[in-house]
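Subject: Structure for you to look over

Hello,

Here is the structure I promised to pass on. Please open it alongside this message; my notes follow below.

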Amino acid sequence: LFTAALGQESNNDKKMWAKSFLNKKAPRLPVKEWISERPEVKGKFVLIDFWATWCGPCRLTIPHLDTLQQKYADKLVVIGISDEPADKVKAMANPAITYYNAIDQNETMYSKLGVTAIPHCILISPAGIVVWEGFPLLTDYPLTDEVVENLMNKYNK
């Protein structure tokens with residue numbers, strides 16, 4: 001009740017494999033190398049997915065993130081961040097990634113967020129606040145279309 005009264009989000013005490021930034025300003029996450037074109041993020045929600053080509057759960061998440069990017073393209077930018085070499089990421093053909101993709105071989109972003117296991121996603125509001133974090137396909141706390149829509153309606157200011 002208290003968090004609802006303040007309008008804050010909760011991760012329902014799920015196990016996190018990163019520092020929690022929920023309801024906090026997202027740290028600056030500079031990208032050094034884009035595999036795709038660089039997206040325009042101003043005024044949009046940004047969903048960042050930390051992943052790798054060798055990670056089975058990461059690969060299972062890709063089609064879901066593709067769908068979110070396509071469905072909410074006017075309000076949402078999905079960005080995949082891998083710490084692998086660009087040629088390895090580019091060589092992965094299945095599943096195909098249609099959202100934006102970048103490389104963080106120095107793990108600068110991973111370190112800022114304290115990511116120790118993948119996949120790990122954060123959803124950042126246009127105001128720069130993390131409004132969701134975790135594994136999008138987690139049974140008890142999934143990042144469904146309904147969750148995305150509710151968060152975009154609530155934080156689209």
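Is D145 buried or exposed, or partly exposed? D145 is partly exposed, with a relative accessible area of 24%. Keep in mind that this is a predicted model.

Salt bridges

The structure holds 2 salt bridges. One joins the side chains of D145 and K71, at 2.8 Å from N to O. That pair connects distant parts of the chain: D145 belongs to helix α5 (residues 145–155) and K71 to helix α2 (residues 56–71), 74 residues apart.

The side chain of K71 also meets that of E149 in a salt bridge, at 3.7 Å from N to O. This pair links distant parts of the chain too, with E149 in helix α5 and K71 in helix α2, 78 residues apart.

Buried would require a value under 20%, and exposed a value over 50%. At 24%, D145 is therefore partly exposed.

A buried glutamate

E133 is another acidic residue to look at. E133 sits in strand β6 (residues 130–134). Its relative accessibility is 0%, so E133 counts as buried. What does the side chain of E133 reach? It reaches the backbone nitrogen of F21, at 2.9 Å. A polar atom of the E133 side chain also lies 3.4 Å from the backbone nitrogen of L22.

Cis peptide bonds

Most peptide bonds are trans. Please check two cases here. The peptide bond from N94 to P95 is cis, with omega near 5°. P95 is in the loop between α3 (86–91) and β4 (100–103). The bond joining I118 and P119 is cis as well, and its omega is about 0°. P119 is located in the loop between α4 (108–113) and β5 (120–124).

Positive phi

Most residues other than glycine have a negative phi. Which value does phi take at N23? Phi there is positive, about 70°, although N23 is not a glycine. N23 is placed in the loop between α1 (2–6) and β1 (33–34). With a relative accessible area of 25%, N23 is partly exposed.

E107 also has a positive phi, near 55°, and is a residue other than glycine. E107 lies in the loop between β4 and α4. Its relative accessible area is 33%, so E107 is partly exposed.

Where to start

Then go to E133 and its contacts with the backbone nitrogens of F21 and L22. Finish with the positive phi values at N23 and E107.

Best wishes

Definitions and conventions: Residues are numbered from 1 along each chain as its sequence is written. This is a predicted model: local features need pLDDT of at least 70, side-chain atom pairs count only at pLDDT 80 or more; totals for chains, interfaces and linings use all residues. Side-chain values use heavy atoms; hydrogens and water are left out. A salt bridge is a side-chain nitrogen of Lys or Arg within 4 Å of a carboxyl oxygen of Asp or Glu. Helices (H or I, at least four residues) and strands (E, at least two) are DSSP runs, numbered from the N terminus. Buried means under 20% relative accessible area, exposed over 50%, partly exposed in between (1.4 Å probe, protein chains only). A polar contact is a pair of N or O atoms within 3.5 Å; within protein, one must be able to donate a hydrogen and the other to accept it, and residues adjacent in sequence count only if both atoms are side-chain atoms.
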